[in-house]
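Colleague: I have a structure open and would like to walk through it. Can you take my questions as they come?

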Amino acid sequence: MHQLPFPRCSILVGLAIIICLSSCQDSNGNFSKNDVEHAQQLIGVSFSKQALDTIYPYLERNRTGYDSLRNHPIPIEVMPAIRFDPIPHGFKIRPQALPPIWTVADSIALPRNRDDLAFYSIPELASLIKHRQLSAVELTEFFLQRIKKHDSILQATITITEEMALKQARKMDEELENGTYRGILHGIPYGVKDLLAVEGYKTTWGAAPYKDQELAITATVVEKLQAAGGVLIAKLVSGALARGDVWFGGKTKNPWDITEGASGSSAGSGAATSAGLVPFAIGTETLGSITSPSTKTGITGLRPTYGQVSRHGVMPLSWSMDKVGPMARSAEDCAIVYSIIKGYDTKDLTTTDYPFGLDLEKDFRSLRVGYLKEDIESDTTKHCDNLQLAIAKFKSMGVALKEVALPEDLPFNSFDIILRSEAGAFFDELVRSGSVDEMVEQDQKSRANSLRQSRFIPAVEYIQANRQRQRMMQKMNALLQDFDVIISPTFGNRQLVITNLTGHPVISIPTGLDYEKHPTSITLVGNLYDEASILLLAKAFQDQTLFDEMHPEGY
């Protein structure tokens with residue numbers, strides 16, 4: 001069986017993504033001065049013949065260096081010498097309340113219809129477990145059966161970790177019997193996106209070339225959840241190499257409309273949570289992969305600040321952009337899970353240990369809130385009413401809203417270079433070996449095509465894009481310094497691109513259904529390391545609406 005050590009965040013800084021000299025060569029691996037002259041057109045430069053004559057020997061030496069790099073394999077867990085730091089000049093961390101202490105009520109009763117358990121919140125399930133109305137084994141078996149019943153349609157699960165789950169559940173029951181209670185996640189089942197490694201089980205990354213891959217490591221996030229008493233029952237679908245909702249086994253469906261995909265790439269986490277196959281799940285995001293499936297499937301998705309959650313044991317796509325976060329049915333459930341998975345990890349040097357203080361008794365009306373009025377009012381999609389109604393609801397709750405606008409005057413069309421370059425570096429061997437041809441999707445928008453074209457991105461442009469990124473970070477810091485929260489459309493503007501590049505936290509919360517009965521959402525953006533403010537406002541909104549309690553029919 002093919003085995004690989006597992007990566008954590010890095011930048012294989014062979015920024016050797018340098019143009020096409022690897023492609024412009026004959027069967028002996030040589031390239032000519034004529035090849036170099038033509039290659040200029042790909043980069044947008046033009047040198048004189050004399051300059052090209054002087055450049056040519058240098059390019060030959062560069063090519064020798066590339067070959068040397070490729071002859072010295074880099075273990076995929078190696079951290080790069082260059083790491084992204086989201087903190088802009090002049091940034092000050094917002095004061096935080098004390099870390100949240102999660103209490104478990106003693107007044108929750110078993111539902112008359114046992115199927116209703118599928119949509120109980122984490123605190124409700126915790127009460128049933130702690131007060132012995134339901135054993136961890138019974139709850140685990142309940143959700144395992146739901147996966148087996150519905151997954152043939154939804155295609156949200158890649159691997160059911162049944163043996164591990166039942167063993168953990170029995171342990172949780174024994175500990176409770178002996179007077180040990182680990183906390184609010186004690187005995188609570190959950191699922192993780194199959195980018196997270198779990199020793200003893202396959203970690204497929206959703207892609208055919210890796211469908212039999214087993215990694216001798218367990219992701220830090222999984223270890224933290226297990227230590228808190230959580231019960232891992234499934235590894236859920238990631239779109240192939242974190243792209244979309246198509247994987248080597250099919251296409252993950254949206255429980256609200258199975259003629260549609262669940263969006264990507266945390267498609268399995270979104271669909272499974274929405275359909276009540278798991279109480280919560282872990283997703284990852286580089287450029288929308290938590291917020292998009294959360295919106296599509298009508299759940300709540302928290303994308304934390306870059307570096308707040310360890311990516312050790314998680315497939316890298318873009319080391320300077322990847323984030324890990326919870327996907328659940330409410331902001332409170334997301335807060336619970338986040339409080340457990342966050343924190344510094346010696347195995348991931350990009351992680352931080354800034355405090356997470358959340359006071360749910362704090363008056364949310366004291367928050368300084370801005371909203372992207374022009375972006376919201378210019379939204380002409382079929383769910384425009386829901387955006388406007390959400391803003392009206394915030395106002396009726398007593399939230400004072402101030403109009404703001406996102407930064408402009410930036411080369412937004414260039415920033416995709418960063419993600420594509422870093423992905424191309426990590427999957428360099430996949431491309432050069434030709435194994436990329438095994439991936440299911442091969443069209444222009446596919447991950448396979450994106451990885452191939454990354455070989456033609458010059459290193460200079462990658463660095464220039466990151467310099468422009470620094471400008472963006474400064475502009476966002478200037479915008480947010482007077483606010484605790486900014487309300488934005490989830491899609492249709494530049495919020496998603498900007499915040500994923502700057503590392504700011506966001507939470508996507510449901511706002512109802514559109515005219516086609518599909519879920520819609522709105523996004524709350526927070527300051528770096530201040531997840532507490534967006535969670536507080538999101539919970540207040542959900543306390544006064546019923547959108548987070550909507551469930552797709554038939555589940």
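Modeller: Start with strand β13, residues 485-489: five of its five residues are buried, so the strand is largely enclosed by the rest of the structure. Buried means under 20% relative accessible area, exposed over 50%, and partly exposed in between, with a 1.4 Å probe and protein chains only. Helices (H or I, at least four residues) and strands (E, at least two) are DSSP runs, numbered from the N terminus.

Colleague: And where do the numbers come from?

Modeller: This is a predicted model, in which local features need pLDDT of at least 70 and side-chain atom pairs count only at pLDDT 80 or more, while totals for chains, interfaces and linings use all residues. Residues are numbered from 1 along each chain as its sequence is written, and side-chain values use heavy atoms, with hydrogens and water left out.

Colleague: Back to β13. Which residue stands opposite Ile487 in β15?

Modeller: Leu524 does. Strands β13 and β15 (residues 519-526) run antiparallel and are joined by five bridges. Two strands pair if DSSP finds at least two bridges between them.

Colleague: How many bridges join β11 to β13?

Modeller: Three, and these two strands run parallel. Here Ile487 of β13 stands opposite Tyr371. Strand β11 covers residues 369-371, and three bridges also join β11 to β12, again in parallel. Val369 has Leu401 of β12 as its bridge partner.

Colleague: What is the strand order of the open sheet?

Modeller: The order is β1-β3-β2-β8-β10-β9-β14-β15-β13-β11-β12, which makes 11 strands with mixed pairing. At the edges are β1 (157-160) and β12 (401-403), each pairing on one side only. From one strand to the next the twist averages 30°.

Colleague: Which strands does helix α17 lie across?

Modeller: Helix α17 (residues 531-543) lies across β9, β11, β13, β14 and β15, and runs at about 15° to β14. Contact means heavy atoms within 4.5 Å. Axes are lines fitted to C-alpha atoms, for helices over the stretch in contact, and angles run from 0 to 180 degrees between N-to-C directions.

Colleague: Is Thr511 buried or exposed?

Modeller: Thr511 is buried, at a relative accessible area of 5%. Its place is in strand β14, residues 506-513. The side chain of Thr511 makes a polar contact of 2.7 Å with the side chain of Thr520. A polar contact is a pair of N or O atoms within 3.5 Å; within protein, one must be able to donate a hydrogen and the other to accept it, and residues adjacent in sequence count only if both atoms are side-chain atoms.

Colleague: New topic. How many salt bridges does a search of the whole structure find?

Modeller: It finds 25. A salt bridge is a side-chain nitrogen of Lys or Arg within 4 Å of a carboxyl oxygen of Asp or Glu. One of them joins Arg311 and Asp348, with the closest N and O atoms 3.9 Å apart. That pair links distant parts of the chain, 37 residues apart: Arg311 is in the loop between β9 (300-303) and β10 (323-328), and Asp348 in the loop between α9 (331-341) and β11.

Colleague: Are those two buried or exposed?

Modeller: Arg311 is buried at 4%, and Asp348 is buried at 0%.

Colleague: What about Arg432 and Asp428?

Modeller: They form a salt bridge with the closest N and O atoms 3.1 Å apart. Both lie in helix α13 (residues 428-433), four residues apart, about one turn of the helix. Arg432 is partly exposed at 42%, whereas Asp428 counts as buried at 15%.
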